[in-house]
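Work through the following exercises with the sequence and the coordinates open. Each task is followed by a solution in steps.

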Amino acid sequence: MHEASPPTSQPKNPLHGMTLETIVRALEARYGWAGLAERIPVRCFSHEPSVNSSLKFLRKTPWAREKVEGLYLFMLREEKRTNKPGA
């Protein structure tokens, strides 16, 4: 029987080591709940939104989690692009 090998380091993957809660909190801080609901139209962002209700929904809903992760990556690219010194 083989033991599961430890996960390999992913220095180029910005999501590596990020928790879903960290991602949701960062997106909410950047866009607000209304902005999130506009970008990803799901009830957990538009009707009585909270971090806990969002996490519960996103953990059960792979397609929505993918959209949230994609928006987070977009946000990181935008921040990197707008904060380039001397560009």
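**Exercise 1. A loop residue**

Task: Determine where Val-42 lies and whether Val-42 is buried or exposed.

Solution. The model is a predicted one.
- Step 1: Val-42 is located in the loop between helix H1 (20-39) and helix H2 (43-46).
- Step 2: The relative accessible area of Val-42 is 6%. The cut-off for buried is under 20%, so Val-42 is buried.
- Step 3: Setting aside the neighbours within four places in sequence, the residues in contact with Val-42 are Phe-57 and Trp-63.
- Step 4: For a C-alpha distance, take Val-42 and Ser-54, which are 12 residues apart in sequence and 9.3 Å apart in space.

**Exercise 2. The chain as a whole**

Solution. 
- Step 1: Take the contacts between residues at least 6 apart in sequence; 56% of them join residues at least 24 apart.

**Exercise 3. Length and faces of H4**

Task: Compare the span of H4 with the expected one, then assign residues to its buried side and to the face turned away from it.

Solution. 
- Step 1: H4 has 21 residues. The expected span is 1.5 Å times one less than the number of residues, which for H4 is 30 Å. From the first C-alpha to the last, H4 reaches 30 Å, close to that expectation.
- Step 2: Ala-64, Val-68, Leu-71, Tyr-72 and Met-75 are the buried residues of H4.
- Step 3: These residues cover an arc of only 100° around the axis, and therefore sit on the same side of H4.
- Step 4: Pro-62, Glu-66, Arg-77, Lys-80 and Arg-81 are exposed on the face turned away from the buried side of H4.
- Step 5: The cover over the buried residues of H4 includes H1, H2 and H3.

**Exercise 4. The nonpolar core**

Task: Which residues of the largest nonpolar core touch the most other members, and which helix supplies the largest share?

Solution. 
- Step 1: In soluble globular proteins, nonpolar side chains tend to be buried together.
- Step 2: The largest nonpolar core has 21 residues, and those touching the most other members are Val-24, Leu-27, Leu-36, Phe-45, Leu-58 and Val-68.
- Step 3: At least two residues of this core come from each of H1, H2, H3 and H4.
- Step 4: H1 gives the largest share, 8 residues.
- Step 5: As one case, Leu-36 is in contact with Leu-27, Glu-28, Tyr-31, Phe-45 and Leu-71, leaving aside its neighbours within four places in sequence.

**Exercise 5. Salt bridges**

Task: How many salt bridges are there when a side-chain nitrogen of Lys or Arg must be within 4 Å of a carboxyl oxygen of Asp or Glu?

Solution. 
- Step 1: The count is 4 salt bridges.
- Step 2: Arg-25 and Glu-21 form one, with the closest N and O atoms 2.9 Å apart. These residues are 4 apart in helix H1, so about one helical turn separates Arg-25 and Glu-21. Arg-25 is partly exposed at 44% relative accessible area, and Glu-21 is partly exposed at 32%.
- Step 3: Glu-69 and Arg-65 form a salt bridge at 3.0 Å, N to O. Both lie in helix H4, 4 residues apart, about one turn of the helix. Arg-65 is partly exposed, at 30% relative accessibility.
- Step 4: Glu-78 and Arg-81 also meet in a salt bridge, at 3.0 Å from N to O. Being 3 residues apart in helix H4, Glu-78 and Arg-81 are separated by about one helical turn. With a relative accessible area of 56%, Arg-81 is exposed.

Notes: Residues are numbered from 1 along each chain as its sequence is written. This is a predicted model: local features need pLDDT of at least 70, side-chain atom pairs count only at pLDDT 80 or more; totals for chains, interfaces and linings use all residues. Side-chain values use heavy atoms; hydrogens and water are left out. Buried means under 20% relative accessible area, exposed over 50%, partly exposed in between (1.4 Å probe, protein chains only). Contact means heavy atoms within 4.5 Å. A nonpolar core is a set of buried Ala, Val, Leu, Ile, Met, Phe, Trp, Tyr and Cys residues joined through side-chain atoms within 4.5 Å. The arc is that of the directions from the helix axis to the C-beta atoms.
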